[in-house]
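Student: I am new to this structure. Please take me through one part of it closely.

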Amino acid sequence: EDYVALGLVLPLRRGGERAGEGRLERAEAKWQDGWLHQYNVVGRRALKDGESEEDCPLVRMKIFAPNTVVAKSRYWYFMRKLKKTKKSHGEIVSVNEIKERKSAVIKNFAVWVRYKSRSDTVNMYKEYRDCTMSGAVEQFYMEMSGRHRARWSAITILKVQRIPSSECKRSRTLQMHNDKIRFPLPHKVPIASHKQFKSTFKAKKPNTVISTTSTL
């Protein structure tokens with residue numbers, strides 16, 4: 001059988017294994033982890049003749065980007081804006097990815113942003129619930145592209161911070177803080193108890209609507 005992953009059919013190698021299986025597996029794992037990552041980028045202006053390292057202090061930025069190449073590019077974008085330093089006159093000291101300490105616990109995140117709309121520059125405050133800070137920023141970008149049609153280049157993230165439940169303001173975040181919260185189950189697809197009862201077509205239409213009252 002052909003190995004199909006990410007819409008590609010891989011050719012066979014010797015021994016029956018497929019060419020590029022490891023590459024596609026790594027791509028699938030990367031997509032499951034999230035397309036956005038948080039990087040800690042450290043750089044500075046290049047030293048001139050007669051200058052010491054104390055004359056060129058290091059500048060550290062936390063940047064959300066899909067990979068290290070985009071993280072470096074965003075770093076120099078902000079360096080030109082804030083420090084009047086170009087890439088040709090500076091150097092990158094280190095680029096490290098910041099991992100979430102407890103990635104299996106749901107948390108509240110607040111995002112302060114500034115973006116350029118069609119008419120003006122807008123400051124915004126958003127709240128999200130996610131297991132990681134990068135996941136919360138992913139939700140933010142998806143919401144901005146869907147609701148406001150904001151482009152990646154028009155958005156500037158000012159600060160992302162984890163906040164306790166007592167500091168949350170948005171109603172969609174506060175409604176999830178109830179310990180006794182319950183979700184209805186209005187629709188359920190019946191599953192065959194044994195493989196012999198599984199079939200594509202049924203003689204009787206299944207009832208997938210759950211009702212507490214009798215329909216007779």
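Student: In what order do the 3 strands of the open sheet stand, and is the pairing parallel or antiparallel?

Tutor: The order is β7-β6-β8, and the pairing is antiparallel. This is a predicted model, in which local features need pLDDT of at least 70, side-chain atom pairs count only at pLDDT 80 or more, and totals for chains, interfaces and linings use all residues. Residues are numbered from 1 along each chain as its sequence is written, and side-chain values use heavy atoms, leaving out hydrogens and water.

Strands (E, at least two residues) and helices (H or I, at least four) are DSSP runs, numbered from the N terminus. Two strands pair if DSSP finds at least two bridges between them. The edges are β7 (121-130) and β8 (155-163), each pairing on one side only. From one strand to the next, the twist averages 20 degrees. Strand β6 (residues 107-116) is joined to β7 by 10 bridges. Across that pair, F109 stands opposite Y128 of β7.

Now the helix. α3 (residues 133-147) packs on the sheet and touches β6, β7 and β8. Contact means heavy atoms within 4.5 Å. The direction of α3 makes about 130 degrees with that of β7. Such angles run from 0 to 180 degrees between N-to-C directions, with axes fitted to C-alpha atoms, for helices over the stretch in contact.

Among the buried residues of α3 are M133, V137, F140, Y141 and M144. Buried means under 20% relative accessible area, with a 1.4 Å probe and protein chains only. Their cover includes β3 (37-45), β4 (59-65) and α4 (171-174), as well as β6, β7 and β8. Just after α3, R149 takes a positive phi of about 55 degrees.

Key
Buried means under 20% relative accessible area, exposed over 50%, partly exposed in between (1.4 Å probe, protein chains only).
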